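Work through the exercises below with the sequence and the coordinates at hand. Each task is followed by a solution in steps.

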Amino acid sequence: MPEQVEFGLDTFGDVTLGPSGAPLSHAQVIRNLIAEAELADELGLDFIGVGEHHRADFAVSAPEVVLAAIAARTSRIRVGSAVTVLSSDDPVRVFERFSTVDAISNGRAEVMLGRGSFTESFPLFGFDLADYETLFEERLQLFAELLKQQPVTWSGTTRAPLREQSVYPPVEHGTLKAWVAVGGSPQSVVRAARYGLPMMLAIIGGAPARFAPFAQLYREALERFEVGPQPLGAHIPGYIAATDEQARDEYFPHYAAMAERIGRERGWGRMTRAHFEQETRDGALFVGSPETVAAKIVDTVRALGLDRFDLKYSAGTVPHELSMNSIALYAREVVPAVREALV
């Protein structure tokens with residue numbers, strides 16, 4: 001077990017309901033997200049991650065801009081993406097934007113690189129989904145070179161080559177912390193290890209312990225590539241209220257509506273209350289009282305040997321006020337209980 005586990009939060013900037021029951025504007029959702037991050041900082045959480053999407057139900061399309069605002073209004077919490085869709089972005093621009101956030105935050109920036117579970121950025125920015133694998137592989141390769149902060153010479157098939165090119169601004173101290181987000185394919189796990197980068201497991205369904213073979217594969221691959229130990233994290237959705245019943249009743253209608261909306265696009269079945277209850281008991285929905293959620297986190301950290309646990313606290317239209325309460329319970333009650341249990 002790691003000596004010290006970090007505890008963070010992730011959000012996709014879901015468009016939420018206001019006091020009247022109507023959806024808030026994207027602008028207000030972004031302002032509320034910044035307030036949520038400020039609360040997380042005040043309460044001593046380690047990290048806040050903001051996702052990237054380009055669709056009506058999520059407000060954040062430029063996470064680096066939101067992170068810069070958070071960085072300017074907080075003092076200690078680390079700020080990063082969750083995730084940056086590297087396949088449809090330019091690695092040089094991504095590095096420049098996050099090294100800028102690192103400067104604003106005085107060294108607190110992180111970037112989480114992924115292919116993304118949504119593909120709307122591909123047609124938006126003129127990329128062919130047929131190049132899905134090649135785009136990510138080449139761009140991750142280039143980004144790994146940029147992290148060395150030395151003049152880069154690189155060529156590939158998906159962007160213009162570089163020859164002895166330096167990129168600015170440089171990171172002031174050390175290197176930019178960059179994670180690779182993995183949904184659960186062995187190839188993705190091995191790739192993260194090959195580049196010697198920390199790995200974040202996106203666990204959104206089923207028992208988290210089923211990801212233990214991927215954690216083991218990652219550590220074995222790091223050894224095989226002669227890379228030193230790297231942090232391993234997990235991103236899991238959840239929500240906390242005073243009791244299990246209250247948490248599930250408050251969370252379910254918003255989560256079910258989100259699942260049904262996305263499910264229509266992907267051909268999923270309808271989210272029933274019975275399925276939801278099963279996922280909260282045995283799966284990857286950490287929804288319940290502080291005691292219930294803390295116990296699930298302890299089991300997951302132990303099963304996977306995690307260095308960081310990120311609670312994906314936003315889900316569909318859950319109102320801002322409820323999210324603020326959930327964040328407060330996570331920081332004040334869940335995290336201390338987990339730390340005590342892991343000693």
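Helices are DSSP runs of H or I with at least four residues, numbered from the N terminus. The model is predicted.

**Exercise 1. State how many cavities of 30 Å³ or more there are, and describe the lining of the largest cavity.**

Solution. 
1. The count comes to one cavity of 30 Å³ or more.
2. The volume of the largest cavity is about 90 Å³.
3. Its lining has 13 residues, and those closest to the centre are Thr11, Asp14, Thr16, Val29 and Glu36.
4. Helices α1 (26-42) and α11 (320-342) each contribute at least two residues to the lining of the largest cavity. The largest share is that of α1, with four residues.
5. Sorted by class, the lining of the largest cavity consists of four nonpolar, seven polar and two charged residues.

**Exercise 2. Describe the packing of α1 against α11 and classify their orientation.**

Solution. 
1. Two packed helices are described by the angle between their axes and the distance between the axes.
2. For α1 and α11, the angle is about 15° and the axes are 10 Å apart.
3. Angles under 35 degrees count as roughly parallel. Therefore α1 and α11 are roughly parallel to each other.
4. The crossing in which α1 passes α11 is right-handed.
5. On the α1 side, the contact involves Asn32, Ala35, Glu36, Leu39 and Ala40; on the α11 side, His320, Ser323, Met324, Ile327 and Ala328.
6. The contact of α1 with α11 comprises six nonpolar, three polar and one charged residue.
7. Glu36 of α1 takes part in this contact, and Glu36 is also among the residues closest to the centre of the largest cavity.

**Exercise 3. Helix α3 packs with α2 and with α5. Classify each pair and list the residues in contact.**

Solution, α2 with α3.
1. The axes of α2 (residues 63-72) and α3 (residues 91-104) come within 9 Å and cross at roughly 10°.
2. That angle makes α2 roughly parallel to α3.
3. From α2, the residues in contact are Glu64, Leu67, Ala68, Ala71 and Ala72; they meet Arg97, Phe98, Val101 and Ile104 of α3.
4. This contact of α2 with α3 has seven nonpolar, no polar and two charged residues.

Solution, α3 with α5.
1. Helix α5 covers residues 132-146, and α3 packs with α5 at an angle of about 40°, the axes being 9 Å apart.
2. With the cut-off for roughly parallel at under 35 degrees, α3 and α5 are therefore oblique to each other.
3. The crossing of α3 past α5 is right-handed.
4. Pro91, Val92, Val94 and Phe95 of α3 make the contact with Arg139, Leu142, Phe143 and Leu146 of α5.
5. The residues of the contact of α3 with α5 are seven nonpolar, no polar and one charged.

**Exercise 4. Which helix gives the most to the lining of the second largest pocket, and how does the lining divide by class?**

Solution. 
1. The second largest pocket has a volume of about 170 Å³.
2. Residues lining the second largest pocket include Tyr218, Arg219, Leu222 and Glu223, as well as Val227, Gly228, Pro229, Gln230, Pro231 and Leu232; Gly305 and Asp307 are also among them.
3. Helix α7 (residues 212-224) gives the most to this lining, with four residues.
4. The lining of the second largest pocket has six nonpolar, three polar and three charged residues.

Notes. Residues are numbered from 1 along each chain as its sequence is written. This is a predicted model: local features need pLDDT of at least 70, side-chain atom pairs count only at pLDDT 80 or more; totals for chains, interfaces and linings use all residues. Side-chain values use heavy atoms; hydrogens and water are left out. Axes are lines fitted to C-alpha atoms, for helices over the stretch in contact, and angles run from 0 to 180 degrees between N-to-C directions. Angles under 35 degrees count as roughly parallel, over 145 as roughly antiparallel, 65 to 115 as roughly perpendicular and the rest as oblique. Contact means heavy atoms within 4.5 Å. Ala, Val, Leu, Ile, Met, Phe, Trp, Tyr, Cys and Pro count as nonpolar, Asp, Glu, Lys and Arg as charged, and the others, Gly among them, as polar. On a 1 Å grid over the protein atoms alone, a cavity is a set of points where a 1.4 Å probe fits but cannot get out, and a pocket is an open set with protein on both sides within 12 Å along at least five of seven lines; lining residues have an atom within 4 Å of a point. Grid points are joined across faces, edges and corners, and a volume is the space filled by probe spheres set on the points. A crossing is left-handed if the near helix is turned anticlockwise from the far one by less than a right angle, and right-handed if clockwise.
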